[in-house]
Amino acid sequence: MDTTVLVAYATKRGSTREVAAEVARIIRQSGPEVEISPAREVKSLDRYGAVVLGGALYMGRWHKDARRLLKRYRSELSSLPLAVFALGPKSSEPEALEAAGVELARALDEAPEVRPFSTAIFGGVIDPSKLGFPFKRMPAVDARDWKAIEKWASEVVRGLSARSGA
């Protein structure tokens, strides 16, 4: 694959950025140039041959910066290879991941012409020290499954390679 891949992310407290950095690292290992950026700072997709977009799920909605990027660049994204991930559930149990998948699908339906070739849901993070009342009374949770994240990122690499004809 001889193209620059954008890994854009939308996060409130940093856990989605950490996942985006890991996805970018794995893609970079396979050869392409990779740029990582907060979704709200993306001004153009002109120099990218593929996009990975990640966002956190909060209260049943995908982060607004991820939704805005998807809508703003829907025309470009309809013709670029796109992979999408979301973080959200406070567990990695199949039922929680499935429910979060429904929330992500609802967000993707807002730009029906954009169809990612791969989507993934990963458990989220709750750090009570970063939350206000009453949420700061919640138990701390880090439900990110780093092996699943690595596996998905490797699948994205294969999907990008297949789409570039490499």
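This is a predicted model: local features need pLDDT of at least 70, side-chain atom pairs count only at pLDDT 80 or more; totals for chains, interfaces and linings use all residues.

Colleague: What does Thr 16 touch, beyond residues up to four places away in sequence?
Modeller: Thr 16 touches Tyr 9, Ala 10, Thr 11, Gly 54, Gly 55, Ala 56, Phe 85 and Leu 87. Contact means heavy atoms within 4.5 Å.

Colleague: Where is Thr 16 placed, and is Thr 16 buried or exposed?
Modeller: Thr 16 sits in helix 1, residues 15-29. Helices are DSSP runs of H or I, at least four residues; strands are E runs of at least two, and both are numbered from the N terminus. Thr 16 is buried, at 0% relative accessible area. Buried means under 20%, exposed over 50%, partly exposed in between (1.4 Å probe, protein chains only).

Colleague: Switching to Ser 92. Where is Ser 92?
Modeller: Ser 92 lies in the loop between strand 5 (82-87) and helix 4 (94-108). With a relative accessible area of 34%, Ser 92 is partly exposed.

Colleague: How far is Ser 92 from Asp 145?
Modeller: They are 53 residues apart in sequence, but 7.3 Å apart in space, C-alpha to C-alpha. Asp 145 is also among the residues that Ser 92 touches, including Leu 97 and Gly 123.

Notes
Residues are numbered from 1 along each chain as its sequence is written. Side-chain values use heavy atoms; hydrogens and water are left out.
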